[in-house]
Amino acid sequence: MISKKNKSALFNPLSQENPVLVQILGICSALAVTANLGPALVMGLSVIVVLAFSNVIISLMRKTIPTTIRIIVQLVVVAALVIIVQQFLIAFSYDVSKQLSVFVGLIITNCILMGRLEAFALNNRPWPSFLDGVGNGLGYTIVLAIVAFFRELLGSGTLLGFQVVPQWCYEHGYENNGLMILPPMALITLACIIWVHRSRNAELQEK
Amino acid sequence: MDQLKPHFKPGGKLAKLESVYDGMESFLFTPNDTSKSGTHIHDGNDLKRTMIIVVVALLPCLLYAMYNIGLQHYLAIGQGDAGVLTMFLFGLLALLPVIVVSYGVGLGIEFVSAQIHHKEIQEGFLVTGMLIPLIVPINTPLWMTAIATAFAVIFAKEVFGGTGMNIFNVALITRAVLFFSYPSKMSGDAAFVKTDSVFGMGDGKLIDGFTGATPLGQVATNVGDTLSLTGVDSTPIGLCDAFIGNIAGSPGETSMVCILIGALILLVTGVASWRVMLSAFAGGLAMGALAHAFPSATYPASLIDPVAQLCYGGFAFAAVFMATDPVTGARTNAGQYIYGFLIGVIAILIRVYNSGYPEGAMLAVLLMNAFAPLIDHCVVSFNIKRRLGRTKTK
């Protein structure tokens with residue numbers, strides 16, 4: 001059940017093979033939904049669910065899918081799961097689904113999904129594929145959460161909607177940084193995280 | 001100084017601080033390092049001297065900025081008859097903390113970065129540190145200036161490889177960061193005139209009818225077909241005031257006279273490119289004339305006549321001191337004409353037709369900074385093609 005290979009499928013994507021930090025995939029949504037921590041976490045959760053189950057489904061079908069039409073089959077599976085997640089969000093947390101707007105629907109175009117389906121699910125059994133999906137989704141979520149943490153804290157002075165920066169600071173001249181709310185700072189925050197990550201993992205540095 | 005030297009060499013107890021020692025030595029003295037091999041001719045016109053000349057060219061603006069900060073303040077509290085010296089002292093005390101913060105933060109980061117990379121400390125920040133206080137509105141809180149300076153030095157300069165490698169003008173990035181981070185502190189009525197006292201000086205109540213908006217700020221909110229610009233004490237102002245510089249604005253940008261003196265120093269010493277300067281003013285004039293040819297109340301800045309366009313706001317300061325930055329600008333001769341001209345055109349274009357930004361010089365220079373390498377590339381490849389064509393026809 002938890003062999004060494006399965007363990008690496010689950011935990012490697014958290015840091016060493018992180019889809020965002022190392023493979024630089026899924027950047028677009030990382031920029032778009034990270035102005036606040038709440039939507040970023042929901043987005044991360046949605047990606048985990050879609051990625052894990054599409055990995056399992058494709059893995060189950062891997063021997064019956066003709067190679068020539070495999071991309072279309074993958075898209076159909078992912079699209080079906082995305083629609084389920086989207087309807088679920090609209091039903092149970094309407095406000096968050098409003099904030100995420102098109103980006104839940106756009107999970108289907110997230111390169112992490114196609115990447116994992118092509119690279120892993122097509123060649124592995126369902127259980128490792130499930131772990132791989134969860135691991136990559138978690139790696140994506142962690143990065144989103146860190147970016148959103150700094151953007152919401154510095155940009156709005158709140159975390160998950162709760163006021164964190166005390167009123168005392170505002171009375172003494174502190175102001176929220178409007179630039180953090182704008183998309184460019186998501187890119188720069190992400191770059192800083194990659195910077196720290198690379199400097200701690202020297203073997204990932206490109207020569 | 002020489003006695004201290006052994007401590008800083010590898011193996012000495014302060015070896016980690018070698019680049020600090022090296023920086024101080026070459027800043028204060030001429031180091032006696034000479035080339036080890038072959039014959040070399042060194043021009044005395046090194047980075048240090050170039051930078052010092054730009055700082056000298058900035059001095060008229062700086063001194064007038066101090067006087068003008070005081071003048072605007074005393075006009076605002078209805079004591080316009082306070083002496084010139086009092087005004088100057090007030091401005092000095094108001095501007096000095098900004099200069100200290102700008103140099104402290106910027107040089108601090110440069111020193112630390114040089115230690116980490118075991119490189120020489122470059123003099124590049126000397127000019128940037130002087131430009132920042134001159135383009136940041138005087139009422140900006142010091143901690144905001146510090147954050148923006150740190151951000152600009154790290155992300156616009158150090159990550160690109162330090163002095164001489166940056167794509168964007170560091171001082172303008174500082175201002176852009178401030179502008180987008182804290183828009184309420186960077187524009188409007190409260191940003192450009194010091195209204196509270198400084199170190200106990202200039203205490204007083206604001207007069208009735210006080211307006212802190214810059215001329216361009218007033219233009220942006222102008223209604224109707226005629227412009228009426230006023231100073232801080234509601235008296236009308238004209239082109240003459242803008243030329244001399246006793247109007248509200250960012251510290252360094254108000255006085256056309258001082259900017260022209262600075263421009264003269266830069267041109268005579270050959271530090272700045274006259275092509276960029278000339279074509280920037282030409283571009284501004286052309287776009288200003290074009291906008292003025294189709295005046296409309298929807299875009300009130302089109303009511304300003306072209307010559308006045310050049311005098312109001314930060315246009316002249318940007319054209320003389322920002323556009324001519326040799327690192328971020330175009331290098332080829334033809335490229336410099338295009339680069340400067342487009343800066344002038346875009347600055348006035350943003351000023352007139354984008355109501356969100358009363359002044360476009362900052363954004364114009366940053367935008368053209370991004371395009372400068374492309375312009376150079378086109379000029380060079382065009383030249384190559386032209387010369388290849390010449391050999392083919394024979």
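## Chain B overall

Chain B exposes about 18,500 Å² of surface, 66% of which is supplied by carbon and sulfur atoms, with areas taken from the Shrake-Rupley method with a 1.4 Å probe. This is a predicted model, in which local features need pLDDT of at least 70 and side-chain atom pairs count only at pLDDT 80 or more, while totals for chains, interfaces and linings use all residues. Residues are numbered from 1 along each chain as its sequence is written, and side-chain values use heavy atoms, with hydrogens and water left out.

The chain holds 16 helices and zero strands, these being DSSP runs (helices H or I, at least four residues; strands E, at least two). Of its 394 residues, 49% count as buried, meaning under 20% relative accessible area, where exposed is over 50% and partly exposed is in between.

## Asn166(B)

Asn166(B) sits in the loop that runs between helix 6 (142-157) and helix 7 (170-181) of chain B, and this residue is buried, with a relative accessible area of 8%. Its side chain reaches the backbone oxygen of Phe168(B) at 3.2 Å. Leaving aside residues up to four places away in sequence, Asn166(B) touches Ala156(B), Lys157(B), Phe160(B), Val327(B) and Thr328(B), a contact being heavy atoms within 4.5 Å.

## Cysteines

A search of the whole structure finds zero disulfides over all chains, a disulfide being a pair of cysteine sulfur atoms within 2.5 Å. Cys61(B) is accordingly in no disulfide, and the nearest cysteine sulfur, that of Cys258(B), is 5.5 Å away. Cys61(B) is buried, with a relative accessible area of 2%, whereas Cys378(B) is partly exposed at 43%.

Technical notes:
Chains are lettered from A and ligands numbered from 1 in the order in which they are written. Buried means under 20% relative accessible area, exposed over 50%, partly exposed in between (1.4 Å probe, protein chains only). A polar contact is a pair of N or O atoms within 3.5 Å; within protein, one must be able to donate a hydrogen and the other to accept it, and residues adjacent in sequence count only if both atoms are side-chain atoms.
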